[in-house]
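The sequence and structure come next.

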Amino acid sequence: MDAKTGLFYVFAAVLLFAAFRVITARNPVHAALFLVLAFFQAAAVWILLKAEFLAITLVLVYVGAVMVLFLFVVMMLDINLDSMRQGFWKHFPLAGTVGAIIALEMSYVLMGGFREPPKITGTAGAMDAQVSNTKELGKLLYSGYIYPLEIAAVILLVAIIAAIALTLRERKDSKRIDPGDQVRVKAGDRVRLVKMNSVVATPDAGASLAGEEKKS
């Protein structure tokens, strides 16, 4: 077994462990951190397959953007973990059945790929070594898949506009600040100076105690 195969088994083992901990961790923050670890291990496997562009895209997009946003949301919200655990065993048979079906389908697809290894000749292998997979992926995206790419971009734009519109709408239970009022505010509106005496005379403690004794 060479070094590349050994690294693949190490990354795959850590990836399976992290994926298992994602669905078994009780704390949502810990589950998100294990998912980050799983993304890093998947990126390492992509690098072993000489797909550097996909690996760096996985790290930048999912780890650097999606998971950071997810962690911020999870840590800012007050999640009731007890209510989330209710009904777990009730829905476990259905979830286990669906998971088993998905695992069998993935095993069938993967075992089919292992049974029929691709045949690569020496000339094709030499040509593949000289071609940049990032360049070829860009050519494929912006030539054969240009229309699906534009449709996905439009869908993402609509989703961004819809999220902004839902956030800026006026609701009774939301506390929002008008950016126009923040821009037009002056220094006098933010800070008010109050003049106070530096020394305040206090009554004599002994005299007050004597007065109380006379009254009693």
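The buried residues of α2 are Val29, Ala31, Ala32, Val36, Ala38, Phe39, Gln41, Ala42, Ala43, Ala44, Val45 and Leu48. Here buried means under 20% relative accessible area, exposed means over 50%, and partly exposed is in between (1.4 Å probe, protein chains only). The cover over these α2 residues includes α1 (3-24) and α3 (52-76). Helices (H or I, at least four residues) and strands (E, at least two) are DSSP runs, numbered from the N terminus.

The model is a predicted one: local features need pLDDT of at least 70, side-chain atom pairs count only at pLDDT 80 or more, and totals for chains, interfaces and linings use all residues. Residues are numbered from 1 along each chain as its sequence is written, and side-chain values use heavy atoms, with hydrogens and water left out.

**Helix α2 and its ends**

Helix α2 covers residues 28-48, and its 21 residues should span 30 Å at 1.5 Å a residue; the C-alpha atoms at its ends are 30 Å apart, which agrees. The expected span is 1.5 Å times one less than the number of residues in the helix. At the start of α2, the backbone nitrogen of valine 29 has a side-chain oxygen of asparagine 27 within 3.1 Å.

Just after the helix, lysine 50 has a positive phi of about 65°, although lysine 50 is not a glycine. Lysine 50 belongs to the loop between α2 and α3. Its relative accessible area is 60%, so lysine 50 is exposed.

Glutamine 41 sits in helix α2 and counts as buried because its relative accessibility is 12%. Leaving out residues up to four places away in sequence, glutamine 41 touches Phe11, Val14 and Leu15; contact means heavy atoms within 4.5 Å.

Valine 14 is part of helix α1. With 28% relative accessibility, valine 14 counts as partly exposed. Under the same exclusion of residues up to four places away, valine 14 touches Leu37 and Gln41.

Isoleucine 23 is also a residue of helix α1; at a relative accessible area of 68%, isoleucine 23 is exposed. Valine 68 lies in helix α3 and is partly exposed, at 36% relative accessible area.

| Pair | Separation in sequence | C-alpha to C-alpha distance |
|---|---|---|
| Valine 14 and glutamine 41 | 27 residues | 6.9 Å |
| Isoleucine 23 and phenylalanine 34 | 11 residues | 9.4 Å |
| Valine 68 and leucine 33 | 35 residues | 9.6 Å |

**Nonpolar surface patch**

Trp46, Leu49, Phe53, Leu54, Ile56, Leu60, Val61, Tyr62 and Val66 make a nonpolar surface patch of about 820 Å². Patches are made of residues with over 30% relative accessible area and no salt bridge; like charges are joined within 9 Å, and nonpolar side chains (Val, Leu, Ile, Met, Phe, Trp, Tyr) within 5 Å. Helix α3 gives the largest share of this patch, seven residues.

**The salt bridge**

Side chains of opposite charge can pair when their charged atoms come close. The structure holds one salt bridge, defined as a side-chain nitrogen of Lys or Arg within 4 Å of a carboxyl oxygen of Asp or Glu. The partners are aspartate 181 and arginine 184, whose closest N and O atoms are 2.9 Å apart. Both residues lie in helix α9 (residues 179-184), three residues apart, or about one turn of the helix. Aspartate 181 is partly exposed, with 45% relative accessible area, while arginine 184 counts as exposed at 58% relative accessibility.

**The chain as a whole**

The chain contains 11 helices and zero strands. Of its 216 residues, 11% count as buried. Among contacts in the chain with a separation of 6 or more, 52% are between residues 24 or more positions apart. The chain exposes about 18,800 Å², of which carbon and sulfur atoms supply 68%. Accessible areas come from the Shrake-Rupley method with a 1.4 Å probe, and for residues only the protein chains shown count as cover.

How values were computed: Polar contact = N/O pair within 3.5 Å; in protein donor to acceptor, adjacent residues only side chain to side chain.
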